[in-house]
Amino acid sequence: MAESTVFVEALCALGVCGFVVCPGSRSTPLAAALGALRVPRIVGLDEREAGFFALGWAKRRGQPVALVTTSGTGALELVAPLAEAREAGVSLVALLADRPRWAHGVGSPQTVEQAEVFKPIAAVIDLELSGALDADRLAGVALEAVTRATQSPFGPGPVVVNLGIDEPLVSDDVVELGPWRERRYVEVDAPRLAPRELRRWFDPGRRGWLVVGEEPRLEAYEVLRLAEALGWPVLSDALAGVPQHPLALEHPELTLRERVDDVPEVVVVLGAPHASRTVAEHLATLARDGVELAWFQSRPRWRDPLRRATTAAVVDVGTLVRCALEGRRSHERGTPSEALLRRDRLLAGGVASVLAAEPWSEVAAVRRLRDELGSDEALVVASSLPIRHLEVFGGRPTTPVRVLANRGLNGIDGLIATWLGVAHASEG
C-alpha cells in the first residue's frame with residue numbers, strides 16, 4: 001500500500017481534484033490509500049456510471065478527476081465514458097488495477113489485456129507496482145499521467161494508468177519507499193495568429209459571419225464585442241452560452257433552413273462544431289461555393305466533420321478574440337447583415353408565440369428553466385433530440401448560462417451519472 005499512498009499523494013499535489021472509486025479486491029491498495037489520506041472521493045458501484053459521474057465532475061470543475069477500478073471486465077466498463085472524454089476534451093485519469101504480468105495468459109481469474117483495449121481512445125501508461133519504482137519515480141509517473149491528461153498532443157483528454165499489483169494486496173509490514181520531490185506541470189499557451197492573419201480574418205471591410213460552438217476558453221461578452229466591431233452576425237449554439245444581443249441570431253437553424261439572400265464573403269468558426277446539422281450543412285454549401293471558411297479551436301483534435309474548412313488553426317480562442325479586438329482601428333466598424341437578422345427576428349416572434357401558447361411543452365419548460373438559472377448554476381441537457389430542441393427553438397438566454405451536454409460522441413447514455421457529477425462539482 002505504500003506505493004499506492006505515494007502515487008495518490010503525488011496526483012493530488014498535481015491538481016487532481018477528486019477520485020471516484022469502484023469496489024474490487026485488486027484495487028484494494030489504491031482504495032485504502034485514498035481512505036487513509038482523506039482526499040475528496042465518491043464510491044461508485046457501477047464502473048460505467050462512475051466513469052460518466054467523473055466526466056461530469058471534471059467538466060464542471062475544469063480540473064482532472066481520477067477513477068479507480070479493479071481488473072477485468074469492470075475496467076472495460078470505462079470504455080464509453082473515456083471515449084466521450086477523448087472527444088470532448090475532458091481530463092480524466094483512470095487508475096486500473098491489474099494482475100502482474102506473470103499472471104496473464106494462463107487463465108488467471110479477472111484477467112484480460114485491458115491496457116491494450118484502451119490504447120485507441122486514451123494515452124496508456126502500463127507498469128507494475130514493484131521494488132523498481134521508488135517514491136520519487138512514482139511521483140514521476142503521476143506527473144506523466146496528469147501532464148498527458150491536460151496537455152497531450154490531442155488536447156485535454158483521458159489517460160489510463162494500468163497498475164499491475166501483486167499479492168499480498170494489503171500488509172501490516174511498514175515499507176519505507178524513501179523521499180520524493182513534489183512535481184508540477186507547466187501550463188502552456190496555445191499558439192497565436194500572426195498579426196497579418198488576424199487582420200485578414202477579422203476585417204470589418206468584409207461581409208462575414210461568426211459561428212460559435214462550445215469553447216471553455218471563450219467569454220461570451222467578448223464574442224459580442226467582436227461582433228459589434230466587425231458588424232457580423234453571431235450564429236451560436238446552446239452550448240456556447242452567448243446571450244441575447246442585436247447581432248446574435250435567436251434561431252440560426254430555422255433562419256438557415258431556407259435560402260437567404262445574405263451571402264458572406266468569409267465565415268469564422270470559433271470552437272467546437274455548431275450543434276445544428278442544418279447550420280453545418282449550410283456552411284459546407286457556402287464553402288463549396290467559394291466562401292472562405294476558417295476554423296479556430298483550442299484543441300488540436302481535428303473537428304471539421306464535413307471537411308469544408310479552407311483554413312484551420314489551433315489557438316487559444318479566448319486570446320484570439322481579445323487580440324482581434326485590440327488590433328482593430330477604433331474608427332473601423334462593419335455593416336450588419338440586415339437581411340439575415342431581420343429574418344431571424346421574424347422567426348423569433350413566431351416561435352415565442354407558439355411557446356407561449358404551449359407553456360408546458362418540453363422546449364418551453366427547458367427554455368424557462370434556463371432563463372431562471374443563476375450565473376453559478378448549470379443546465380445539463382441530453383444529447384439527440386433534447387439538445388437539438390433547445391438549439392432550434394430555445395433562442396438565446398438573457399444572460400450567459402453554462403449549458404453542458406455530452407456532445408463529444410453525441411451519445412445518449414450516461415446522462416444521469418454525468419448530471420450527478422456536474423452537481424457534485426457545483427457550488428451553486
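Is Arg 38 buried or exposed? In this predicted model, Arg 38 has a relative accessible area of 73% and is therefore exposed, since the class begins over 50%. Arg 38 belongs to the loop that runs between helix H2 and strand S2, the latter spanning residues 41-43. Its backbone also deserves attention: the phi of Arg 38 is positive, about 55°, although the residue is not a glycine. Most residues other than glycine have a negative phi.

A second residue of this kind is Gln 110, which is not a glycine either and has a positive phi near 60°. Gln 110 is placed in the loop between strand S4 (92-98) and helix H6 (114-118). Its relative accessibility is 42%, so Gln 110 counts as partly exposed.

Helix H1, residues 2-13, packs against helix H2, residues 28-37, at an angle of about 60°, and the two axes are 8 Å apart. Because of this angle, H1 is oblique to H2; the range called roughly perpendicular begins at 65 degrees. The crossing of H1 past H2 is right-handed. On the H1 side the contact is formed by Ser 4, Thr 5, Val 8 and Glu 9, and on the H2 side by Pro 29, Leu 30, Ala 33, Leu 34 and Leu 37. Sorted by class, the residues of this contact are six nonpolar, two polar and one charged.

Helix H3 (residues 47-61) and helix H16 (residues 415-425) pack with their axes 6 Å apart, at an angle of about 40°. H3 is therefore oblique to H16, as angles count as roughly parallel only under 35 degrees. H3, too, makes a right-handed crossing as it passes H16. H3 contributes Glu 49, Phe 52, Phe 53, Leu 55, Gly 56, Trp 57, Arg 60 and Arg 61 to the contact, while H16 contributes Ala 417, Thr 418, Leu 420, Gly 421, Val 422, His 424 and Ala 425. In terms of class, eight nonpolar, four polar and three charged residues take part in the contact of H3 with H16.

Ser 383 is located in the loop between strand S12 (378-380) and helix H15 (385-393). With a relative accessibility of 6%, Ser 383 counts as buried, because that class covers values under 20%. The side chain of Ser 383 comes to 3.4 Å from the backbone oxygen of Gly 411. When neighbours within four places in sequence are left aside, Ser 383 is in contact with Asn 406, Arg 407, Asn 410, Gly 411 and Ile 412.

Within H15 itself, the buried residues are Ile 387, Leu 390, Glu 391 and Val 392. Their cover includes strand S8 (234-236), helix H10 (252-256), helix H14 (362-372), S12 and strand S13 (402-404). After H15 comes Gly 395, which has a positive phi near 70°.

At 76% relative accessibility, Ser 375 counts as exposed. Ser 375 and Val 401 are separated by 26 residues in sequence, yet their C-alpha atoms are 6.3 Å apart in space.

Arg 148 is part of helix H7, residues 135-151, and is partly exposed because its relative accessible area is 36%. Not counting residues up to four places away in sequence, Arg 148 touches Ala 123, Ile 125 and Val 159. Between Arg 148 and Val 160, which are 12 residues apart in sequence, the C-alpha to C-alpha distance is 9.9 Å.

Ala 287 has its place in helix H11, residues 277-288. Its relative accessible area is 14%, and Ala 287 is therefore buried. Apart from residues up to four places away in sequence, Ala 287 touches Leu 293 and Arg 308. From Ala 287 to Arg 200, a separation of 87 residues in sequence, the distance in space is 17 Å, C-alpha to C-alpha.

Terms used. Residues numbered from 1 in each chain as written. Predicted model: local features only at pLDDT ≥ 70, side-chain atom pairs only at ≥ 80, totals over all residues. Heavy atoms only, no water. Helix = DSSP H or I, 4+ residues; strand = E, 2+ residues; numbered from the N terminus. Buried < 20%, exposed > 50% of the residue type's maximum accessible area, 1.4 Å probe, protein only. Polar contact = N/O pair within 3.5 Å; in protein donor to acceptor, adjacent residues only side chain to side chain. Contact = heavy atoms within 4.5 Å. Axes fitted to C-alpha atoms, helices over the stretch in contact; angles between N-to-C directions. Parallel < 35°, antiparallel > 145°, perpendicular 65-115°, else oblique. Left-handed = near helix turned anticlockwise from the far one by under 90°. Nonpolar A, V, L, I, M, F, W, Y, C, P; charged D, E, K, R; others polar.
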